[in-house]
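Visitor: I would like a close look at a single part of this model. Please take me through how charged side chains pair up there.

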Amino acid sequence: MAIRVTKKCFLLSTLGVLVVAAALTVTLVLVLRDDEEISETYRFAASSIEVRLEEQPDHRYVLSIHRGDDRVQRITFDHDFTDDSDIETFPKGMRLYGNGHSVEIRELEDSAGFAFLSISRTLRKGQIGSDVLHLHDTFGAEQTPLHWYGGPELMEQYYPIEKLRFDDYPYITKELHSAAIIERYWVSTAGVFFYVDKEVPLFIDQNDQVLRFTAKKELPYYTYDDEFVFNYRIGVAADAREAHQKAVERVLNQPVDIPDERMVRQPIWSTWVRYRRPISQQTVLDFAREINAYGFKNAQLDIDDLWEVCYGSLTFNTITFPNVTEMTETLREMGFRVTLWVHPFINKNCDPWYTEALSKGYLVKSHNETIGYNTKWWNSGENEASYINFNNPDAVEWYRRRLRELQDLGIDNFKFDAGETSWAPADPDIEGPTALLPSSQTVNFVRMCAAFGGMIEVRTGWGTQDLPVFVRMLDFDTRWGWNNGLLSLIPTLLQMNLNGYPFVLPDMIGGNVYGDDILTKELFIRWLEASVFMPSIQFSKTPWDIDEESITISKKFAQLHETYSDYIIQRMRLAVSHGTPVNPPIWWLDPTDKIAQTIYDEYLLGEDIVVAPVLAEFATTRDIYLPKGTWRDGNTNRVHEGGRWIYNYTAPMDTLPYFVSATFQLN
């Protein structure tokens, strides 16, 4: 396509949403304001999409995307380009430059229903790139406000995510704030998504108006090279659902297979909350006998903290576990598979294993020699541990070989904990492409874990959506509220699904009972109900720790989960074949539904089940919003039309409100 371009004309071949016609007729409009600030418009003849670049009085530029008369997104290039800035064009794009910065905007794709572009620049060390997404624009004749999804996993997981707040926040996986899933992906209700490339040393700021992307060479990123990139991609589709599906295809991985099916059908049982540490062979066997005696099924039993000689030995303590092979054989005869909690740390008092790892260069060290190999994790003191370097292939094989030796004792598989980058020493000196440091530590750890098959679980990820494993939510507290309590459960489920991680393992029923937290009967039951239509259920505190009624109710909901497990697995297979979330938000059925866009306490299983658990203490009713469709009440069989509220739905403690599509048939 040839277009005559005048100096300072903005040429973009396909910046916008959906070009439906096969041929384009382009009208390029140049408007000069009285102050000679420039407004450039690229207009698609076959649709109502326009892309405009406008110079501001302070010589910053705003890039805006329009659908007809409605603006769907603005981005401010927050750099003073000075009054001698200019634009040069090239096939499929153009370059804006001035005052030491050059921003390239390039067409990546223009197909029916989707437009895809990149914004990129190369910066020198000492320079800072900063672009601002305007979160609270409105669009449409009714001036509908934008809402946003995706973003990081957090301890206080608000939804939609424009409610979050950040200040100069390094965008890497970290234990702080439970930020273990931190994809560089955001999608709006206007059908626009942003994806910041992995090589960018990204920091974010967010308030109630804007989300700022800042690229700068500062810790915790690698700081020893002179150039770095600031690249991100924008996709524009008809609505949020279509935009997300395109993002899965273009920038987010999609899983290659599903995890272990038994982990879907039956509950996982963990020793952690019930027994803490240390534990023993007798404790594990007694727990298994209780599970069977009370008539509960199991996927597997997880032996949690402090089974080792010392942290990092990956060797059973023979005093507390005198005969591991006998134990695993007994458990197998009882119908249990056995998994083992493991971690990527070695405490310095754990010899000879620590000395071996240190001497062979298997530990993460710092560029700063005074920090050396020192780190701290939750089972060590300050500078009393080191982090295994999973960027080192020899260290990976050493770790993997020792896990296989545990499997020779009858251990079926592993629960892998930690893996976030923040456990390493500051300014780590490790192998790998420098632009991907430090987050490549997370990637290599998780990919090592996944090699053990679909029966494992991990808790972190970065571009690892393709792996066929369960990803566990980080530890929840035993609380009702947004403060890492029950109210955060569904927003975390939605955050993970909308970052491309559909195989979500909720944390243990009732949370972890840390500190002064108290697990009440009501909180335990409501937590279980909220988890029923998620991919898996995980117990540690047991129903028989509470009372007989809790046993009865728990069996009822464990059976309800099992009843729908075939459908859960069907939706997991669709995540593999089509990249669709297993548990989408309720707006998934109608992305234009303004009420559904903000509902944070309901979720879908596939497209046929609406789940609306009671999440407030002492509540026995709740208001429920039903999305588009015709729905049958799972408790009463009453039929309801969607797109409306059900007020004061009665839900005593043994009742989970859920609705099944009127056309759905359970196989």
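Guide: Asp466 is buried, at 17% relative accessible area. Keep that residue in mind. The model is predicted. UniProt, in an unreviewed entry, lists residues 271–568 as "domain: Glycoside hydrolase family 31 TIM barrel". Over residues 271–568 the chain is 34% helix and 11% strand. The end C-alpha atoms of that stretch are 26 Å apart.

Now back to Asp466. Its salt-bridge partner is Arg447, with the closest N and O atoms 2.9 Å apart. Arg447 lies in helix H8, and Asp466 sits in the loop between strands E28 and E29, so the pair ties together parts 19 residues apart in sequence. Arg447 is partly exposed, at 32%.

Next, Arg479 and Asp517. Their side chains meet in a salt bridge, 3.5 Å from N to O. Arg479 is in the loop between E29 and helix H9, while Asp517 is in the loop between strand E30 and helix H10. They are 38 residues apart. Asp517 is buried, at 16% relative accessible area. Arg479 counts as partly exposed, at 31%.

Some salt bridges share partners. One network formed this way joins Asp417, Glu420, Glu457, Arg459, Arg472, Asp475 and Asp507.

Last, Asp545 and Arg274. Their salt bridge spans 2.9 Å, N to O. This pair links distant parts of the chain, 271 residues apart. Asp545 is in the loop between strand E31 and helix H11, and Arg274 is in helix H3. Arg274 has 18% relative accessibility, and the cut-off for buried is under 20%, so Arg274 counts as buried. Asp545 is partly exposed, at 34%.

Conventions. Residues numbered from 1 in each chain as written. Predicted model: local features only at pLDDT ≥ 70, side-chain atom pairs only at ≥ 80, totals over all residues. Heavy atoms only, no water. UniProt positions renumbered as here; feature names shortened; annotations may be inferred. Helix = DSSP H or I, 4+ residues; strand = E, 2+ residues; numbered from the N terminus. Salt bridge = Lys/Arg side-chain N within 4 Å of Asp/Glu carboxyl O. Buried < 20%, exposed > 50% of the residue type's maximum accessible area, 1.4 Å probe, protein only.
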